[in-house]
Each structure stands twice: as C-alpha cells, then as structure tokens.
Amino acid sequence: RAGGGGEPCVPSATVLCLRGERFRVSARYRTGQGSEGAAQVVELTGDTGYFWFFSDTNVEVVLKVLDGCGVNGHHWVFAGGLTDVEVRITVTDTDSGASRQYSNPLGTPFQPLQDTSAFAGCH
C-alpha cells in the first residue's frame with residue numbers, strides 16, 4: 001500500500017472494503033435482549049455499502065467513504081442508520097493504519113454520521 005501503515009483490506013461477509021480497498025469497514029451490534037454479533041455487509045458501490053444484523057432483507061445502516069481531498073484534504077465518513085440497537089462501526093485506513101470508531105447507544109435512534117475530517121492522507 002502507498003503509506004505502508006496498515007494491513008490490506010480483504011472483503012468478507014463481515015468486512016466491507018471501500019475506495020479501492022483502501023478503507024476497511026466493519027460493525028458489531030447488540031440488542032436489548034442480549035443478542036450480539038458481527039454485522040453482515042453488502043457493497044453497493046465502490047464508495048458505499050450497508051450492514052444488516054438479523055435478516056439480509058432488513059437494512060440497518062448505510063455507510064460511505066467519500067474523497068473530500070479537494071475540499072479539505074480528508075476522506076469523509078457518512079452513515080445513516082435505521083435502527084435503535086447498539087452499533088459500533090470501525091473504519092480503518094489501510095494506507096496509514098489509522099482507525100476511527102463510531103458508536104450508537106442501545107435504545108437510541110441512530111443519529112446521522114457526517115465526519116468530514118475522518119482521515120487525512122490524500123495522494
């Protein structure tokens with residue numbers, strides 16, 4: 001990888017690789033009844049994917065990583081959720097190894113995520 005700082009992204013049922021496999025995205029969930037696990041992922045485009053927890057017909061969170069380098073020199077992370085379960089999302093820049101975590105508390109409607117300074121390192 002260009003920066004040599006992280007492990008390459010390898011897509012799987014629980015790992016979403018975005019922006020040319022530069023960004024590794026995964027999530028975990030926990031319900032009020034104690035059920036928990038790794039979110040399943042579906043890639044929609046090279047920038048965007050979604051997570052499901054209980055059924056592949058029930059979308060829970062949509063997330064995208066955008067190239068905002070021309071605007072502020074960062075890659076941006078945006079997400080929207082359709083859930084009130086606990087969600088912990090991890091986004092890792094495989095170029096630098098930098099990682100960001102985003103959480104939604106149990107019992108709280110998922111608040112829109114608009115992190116326009118998530119990852120520096122434009123090239």
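Predicted model: local features only at pLDDT ≥ 70, side-chain atom pairs only at ≥ 80, totals over all residues.
Five strands make up an open sheet, in the order β4-β5-β6-β7-β10, and the pairing is antiparallel. At the edges are β4, residues 40-43, and β10, each of which pairs on one side only. From one strand to the next, the twist averages 25°. In general, strands of a sheet pair through backbone hydrogen bonds, either parallel or antiparallel.

Look now at β5 and β6. These two strands are antiparallel to each other and pair over five bridges. Tyr50 has Val62 of β6 standing opposite.

Staying in β5, take Thr48. Is Thr48 buried or exposed? Its relative accessible area is 15%; the cut-off for buried is under 20%, so Thr48 is buried. Which residues does Thr48 touch, once neighbours within four places in sequence are left aside? Contacts are found with Leu18, Glu43, Val62, Leu63 and Lys64.

Next, the aromatic rings. A ring pair is described by the distance of the centres and the angle of the planes. The model has five aromatic pairs. One of them is Phe23 with Phe119, a tilted pair with 5.3 Å from centre to centre and 50° between the planes. This pair ties together distant parts of the chain: Phe23 sits in strand β2, residues 23-30, and Phe119 in strand β10, residues 113-120, which puts them 96 residues apart. Phe23 and Phe119 are both buried.

Another pair is Tyr29 with Phe54. Why is it called edge-to-face? The ring centres are 5.3 Å apart and the planes stand at 75°, and an angle over 60 counts as edge-to-face, so the pair gets that label. Tyr29 has 8% relative accessibility and counts as buried, whereas Phe54 is partly exposed at 44%. Together with Phe53, these two residues form one aromatic cluster.

Last, Pro112. Where is Pro112 found? It lies in the loop between β9, residues 99-104, and β10. With a relative accessible area of 61%, over the 50% cut-off, Pro112 is therefore exposed. From Pro112 to Gln101, 11 residues away along the chain, the C-alpha atoms are separated by 14 Å.

Definitions and conventions. Residues numbered from 1 in each chain as written. Heavy atoms only, no water. Phe/Tyr/Trp six-rings, centres within 6.5 Å; stacked < 30°, edge-to-face > 60°. Helix = DSSP H or I, 4+ residues; strand = E, 2+ residues; numbered from the N terminus. Buried < 20%, exposed > 50% of the residue type's maximum accessible area, 1.4 Å probe, protein only. Contact = heavy atoms within 4.5 Å. Pairing = 2+ DSSP bridges. Axes fitted to C-alpha atoms, helices over the stretch in contact; angles between N-to-C directions.
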